[in-house]
Amino acid sequence: MKAMPQQPLHAVPAALLAALLCCPPVHAADAPQAVQLAPGAYHLPGEHAPWGDQGRTRVANTGFVIGTRCVAVIDSGGSPADGRALLAAVRRVSTLPVCYVINTHVHPDHLLGNAALMQANGSGPPPRVVGHARLAAALAAREPYYRRAFARDVAAPSQDGLDRIAPPDVAVQETKEVHQLDLGARVLELRAWPTAHTDNDLTVLDRASGTLWLGDLVFEGHLPVLDGKLAGWLQVLDALAGMRATRAIPGHGRVFEDWPSALQPTRRYLQTLRGDVNAALDDGASLSQAVERLGLAPEGWLLGDAFHRRNVTAAYAELEWSR
Amino acid sequence: MKPALPHDAHRRLTLAWLLALAGSPHAAEIKTAEDSVDNERWRKVRASLFGERPITEDDSVVVLEAPARAEDAAVVPIAIRAQFEQAPARHVRKLTLVIDNNPSPLAAVFTYTLDSGRADIETRVRIDEYTFVRAIAETGDGRLHMSKRFVKASGGCSAPPGKDPQAAQATLGQMRLSVKPDAPPDRPVLAQLMISHPNDSGLVMDQATRQYTPAWFVRQIDVRHNGKLVLQADVDFAISENPHLRFYFTPGAGASGGELTAEVVDSKDLRFEQRTTLRPGAR
């Protein structure tokens, strides 16, 4: 198979201009165009919405990196259809095999497209699914609930075959060292973190372009969602701040050109949450009382109604142990 | 009168068998039968627990407080508030908590004595699906009263499994038992018990081995004041990771200080104990 050139067929600015000026094609929702971030590094943005809300699933950022040998996909979208659309976006740019599907964490908006991506290489070997060492167990525990939520809120299984959520088969251990994936003259550095947004967060650094894929460790626009440990997340943010990158991609929101200062809003939200919940605990408030008192999301974030009270709940259940 | 429920695995197995007959809720019925107040699962549970005994549906004995929508499927705060204090003439013997559409609908049975002060309980549960949550109180005269609320599941990426089971396991069995100070003398005193435990359902198949991970959850909690039982809780994985209970007890006329103890047994028969000394006079 001939290697495709790493440069896109069209320069990025022209493609963006075309997308802005042209009416988007009728099937735009099914055939999104990846945005090139740098040679060989592409990104498919998601929209800000709670996964499953009014059937919406493409609510997280996904992307891919192209080496001389193969392609790595980073997160696969929130449904089999999202996975197929992502694969089509990859194929518009490269015909190389997809050797890895990297899942940054367990949430359904980031990995329900995995099974669709298993079809990427035709009769060749399917991509290997890569995740944090705790991802397999987290997915096994949650998969029945994601299926049920999908059937209830998105589509009955018969309509959009949620047959198989391809589970991870490469486990990245939580150590100080990075785990490297070589795509052919293109090395990705993966790091598995202590419990933060979830208990299975993974970041991906593409050294060649200086692009850091953050998963949901940092949010932009969309309120951060706590489904792991608040204290741990603040510590991980400190470590992330020490990582150099030209640009950083949050799981939700716009690409950051100013790293690491871009993590400040997420850090501030979590610090304020910690302070507020600790104050409620000091006052002897019960969990319900704390949620009532603190239930109004702070300004400057979207989807506060959907997620802030949940964050207060999770933070309270965690912080009451640190008294 | 029906015999008291045995606190053991036999009852759970019986109930599980009954539910296997009833079937679990699935997508096709989600918006209809399982949402109905008189759904199949509730009828099976009701028959198993209470037979033909009449149940008065009102809030006159206990009131169940639950959110209309679970913010976090793994941590749903609920409270059952007794409408009167425990007294010889009128008291609650037992409170049964049922979550219709959970895999294990019989979430908890709380047993009270006159020394309990109030048959209240506050805890956090896992809610899998849109469901009725029911608190059925049995009073001293053998009558049954039920308070119920409908709770919508949180959906989206919020799911009942715990957020950090590895961490909960690392501090397994650590407990905090505290008493709210400065209660007026001879009045029910509010106490709080926290137990570090993954409280895992084990209803998860490991893809690699095709084996189910073993369940590991707290199954019984006994709280005593100066040796007298004030609360007995028969629970399972419907209770959230790191079980948390708020309840009352009455130290009793003339009692000063003394000791509150909590004994916990989990599904692997591990036993944990915590005690706290009450300050005399100031409780």
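1. Start with K94(B): its bridge partner in strand 7 of chain B is E138(B). The two strands involved, strand 4 (residues 92-99) and strand 7 (residues 131-139) of chain B, run antiparallel and are joined by seven bridges. Strands here count as paired if DSSP finds at least two bridges between them, and the elements themselves are DSSP runs numbered from the N terminus (helices H or I, at least four residues; strands E, at least two).

2. A word on the basis. This is a predicted model, so local features need pLDDT of at least 70 and side-chain atom pairs count only at pLDDT 80 or more, while totals for chains, interfaces and linings use all residues. Residues are numbered from 1 along each chain as its sequence is written, chains are lettered from A and ligands numbered from 1 in the order in which they are written, and side-chain values use heavy atoms, with hydrogens and water left out.

3. That strand pair sits in an open sheet of nine strands in chain B, order 1-8-7-4-5-12-11-14-15, with mixed pairing. Strand 1 (55-57) and strand 15 (271-278) of chain B are at the edges with a single partner strand each, so one side of each has no neighbour in the sheet. The twist averages 15 degrees from one strand to the next.

4. Helix 2 (residues 40-50) of chain B lies across strands 1, 4, 5 (106-112), 7 and 8 (144-151) of chain B, at about 155 degrees to strand 4. Contact means heavy atoms within 4.5 Å; axes are lines fitted to C-alpha atoms, for helices over the stretch in contact, and angles run from 0 to 180 degrees between N-to-C directions.

5. Over in chain A there's an open sheet of five strands, order 8-9-10-11-12, again with mixed pairing. Its edge strands are strand 8 (179-182) and strand 12 (247-250) of chain A, each pairing on one side only. The twist averages 20 degrees from one strand to the next. Strand 11 (residues 211-215) and strand 12 of chain A pair in the parallel sense over four bridges, with T211(A) opposite R247(A).

6. How much area do chain B and chain A bury between them? About 3200 Å², 54% of it on carbon and sulfur atoms; buried area is the accessible area (1.4 Å probe) that two parts lose on being put together, summed over both. In chain B, E71(B), C157(B) and K163(B) lose the most area to chain A, together 21% of what that side buries. The contact takes 37 residues from chain B and 36 residues from chain A.

7. Three salt bridges cross this interface, the rule being a side-chain nitrogen of Lys or Arg within 4 Å of a carboxyl oxygen of Asp or Glu. E320(A) and R124(B) meet at 2.6 Å, N to O. E320(A) lies in the segment after helix 9 (304-319) of chain A and R124(B) in strand 6 (residues 121-125) of chain B, so the pair joins two chains. Both E320(A) and R124(B) are buried (under 20% relative accessible area; exposed is over 50%, partly exposed in between; 1.4 Å probe, protein chains only). E129(B) and R152(A) form a salt bridge as well, at 3.2 Å, N to O.

8. Within chain B, R69(B) and E71(B) form a salt bridge at 3.5 Å, N to O. R69(B) counts as partly exposed at 34% relative accessibility, whereas E71(B) is buried at 15%. Salt bridges with shared partners join E292(A), R309(A), R69(B) and E71(B) into one network.
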